[in-house]
2 protein chains.
Amino acid sequence: MDWETLARELSVSTPSKIVLLVLDGLGDLPVDGKTALEKAHTPNLDRLAAKGACGLTDPVFRGITPGSGPSHLALFGYDPLRYQLGRGILEALGSGVEVGPNDLVARGNYATLKGGLVVDRRAGRIPTSENEKLCRRVNDALQPPPGLRIALFPGKEHRFVVRFSGEGLTDALSDADPQKDHKPRAYAKPLSSEAKKTADIVNRFLDDVTKILSDLAVANTVLLRGFSKFPAIPSMPDLYKIRPAAVANYPMYKGLARLLGMDVMDVGADTRDLFDALEAGYKAHDFFYVHYKKTDAAGEDGNFPAKVKAIEEIDSFLPRIEALEPDVLAVTADHSTPCLLKSHSWHPNPFLLVAKSALPDDAVEFSERVCSRGFLGRFPALQAMPLLLAHAGKLQKYGA
Amino acid sequence: MDWETLARELSVSTPSKIVLLVLDGLGDLPVDGKTALEKAHTPNLDRLAAKGACGLTDPVFRGITPGSGPSHLALFGYDPLRYQLGRGILEALGSGVEVGPNDLVARGNYATLKGGLVVDRRAGRIPTSENEKLCRRVNDALQPPPGLRIALFPGKEHRFVVRFSGEGLTDALSDADPQKDHKPRAYAKPLSSEAKKTADIVNRFLDDVTKILSDLAVANTVLLRGFSKFPAIPSMPDLYKIRPAAVANYPMYKGLARLLGMDVMDVGADTRDLFDALEAGYKAHDFFYVHYKKTDAAGEDGNFPAKVKAIEEIDSFLPRIEALEPDVLAVTADHSTPCLLKSHSWHPNPFLLVAKSALPDDAVEFSERVCSRGFLGRFPALQAMPLLLAHAGKLQKYGA
């Protein structure tokens, strides 16, 4: 009996509503003695911390730095050590590319080849309109063997998604990317004996595209990364009997949400757009995943003042969530992105939960160190979802 | 290597004694800022908390509300996700009904049928003496097919236990209970393809009993719930090399204790009777499970003052345990039953442990919030038993 089996058995549909606000990469390390969250002026988060129960979560377990896939899966109640998602599938789903069980997808870059070397892995960040033209040209010119279909879908600037459709494809392939400029083109290597056929297909595609674009001075070849097939994963509505909505404005998070069976809301690029979308979708759903990216972006840039500012910005919008009076409101992160490290890290995530059935604790400030003394204690992020469902009255008793 | 394997390998028999006092449903949520345990005047519990080490336990994991079966199993060191006990088996064992591997048991109600509808699912709570007569009458009149034996055992008022004995019976059956008054009689539905034969036997029994009792105006049919077979579960003496005694005065807890191989003491209905029985059995045993029900009953009733009073009552008896000078004394709960929710909940249980080898901490008061800052931290209830055995010197070193 594991959590998924329990969830199917114990979950019940109720009118109660849950809002889960994810401040991507929130956790940090002190700069001049304070973390970004400690430094930021956050009257709303602090008030909620005082009202509710706090704790810390580990996305996988202590010491493991997760990518966005595993950290989000854990937060939604999917064991990140059981389910593994390729970056390609997330990018594809986020861009609205339909993916089925016979499809293999990857993230692509247009790149510039000169004198046998890849001199610019991003092809000078060509305009998106140029990218769209290139994709049309490649799609028209490609002549895949019988039984195989290949389609390119343009993204922003130099980025695209490629989808190979056919029987027996596998994603056990290394990236076809030289990783650094001024190196020769790279081919995909099979990572299992069964993957040889797929590697041949992909590598022939790389040669074909390079031939098709050979008259161009820039954007005359492509790199592929994150080969992935559609994973077999149960949906959140199936597992939890909820009607979940994703309120996110970055492709990857939308893609992940779609994969898990969430309704993906139309959201503009600004922070305020998240809250407009939340309000617009509030009536028709009972679980809301609201994703805020700026905290992570500032962490990746190592920009401490920008991170403080991003936290203060999101804090100012919290009253708009409170005005909806959700039965359960949780604020946390998927993983930490400390400015000092300029990357994801293994540090735990502050977690705050407000509900009628939450026991208020001494944690009257929302921060890494104060949350570590909260009543919820330190727990695997995988237990966040059971906790949210329980506080919303959506989980029945286990056993007699 | 799991805990059970470790327990068998590492446990040793010693003269040291462990008393585990379980205050059923103890944990609560604040009413006017304080939980029942915070509000109650508990000089003895607070003194013990100051002397010992404190913590919080989760019966299953965060968010999961356990029934009495899973929550007690965890407390006794049995993984509640591995072992699942039907309510019928607990009720049967608690009533002293012997159950073997070929037996199927269920909880029964006498009910009243009128004009084709069940008009009273409890038959007006007939007197126990009337129940005893009905069970004798049904037992005498039933003519089960060859190879099958059926016996009814009267309980209090309208309640009884039925035992079907025969080859190939299964407990994969739905309850035969319309759940609400003024509905037609309900039959047991098979929950697997193998269960069809058992469902037919049970449903024929339901028709037969209704025929046998058809001359009566009340208590003229029966309902059955919680079909269960005897589970394969190792005994506490086998696992831990202890001689355990159960000091409880409610059938279900006695039944559970008997299932796990504890000696079930004769205990009267009053709280003082628990301590008389503990003293009487003290010499012959080395592990004592003392079960106090009033805290849970008050929680289920949503009666905060009654819960406070129940806590104060049990507190006053603690010196009688201390006078026995057990090597290890632990006080905790099986699960929380907050007055606010009037039901079991997923909230953690306060835990206090007094032993020579327990490290005293800052927790100088026995309460949910103070225990959350104790030295024992927050841990799965499944680790309570290893902790008790260790502090009693009953667990050897693992590995060289």
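The legends below describe views of a predicted model.

Local features are limited to pLDDT of at least 70 and side-chain atom pairs to pLDDT 80 or more, whereas totals for chains, interfaces and linings use all residues. Residues are numbered from 1 along each chain as its sequence is written, and chains are lettered from A in the order in which they are written.

**View 1. Fold of chain A.** Chain A contains 14 helices and 13 strands, taken as DSSP runs of at least four residues (H or I) and at least two (E), respectively, numbered from the N terminus. Its C-alpha trace spans about 65 × 50 × 40 Å along the principal axes. Of its 400 residues, 53% are buried, that is, with 20 or more other C-beta atoms, placed from the backbone, within 10 Å of their own.

**View 2. Side of chain A that touches chain B.** The contact (C-beta atoms, placed from the backbone, within 7 Å) takes 19 residues from chain A and 29 residues from chain B. Strand E13 (377–380) and helix H14 (384–391) of chain A each give two or more residues to this side; H14(A) gives the most, with four residues.

Key
A residue is buried if 20 or more other C-beta atoms lie within 10 Å of its own, exposed if 12 or fewer, and partly exposed in between; C-beta atoms are placed from the backbone. Two residues are in contact if their C-beta atoms, placed from the backbone, lie within 7 Å.
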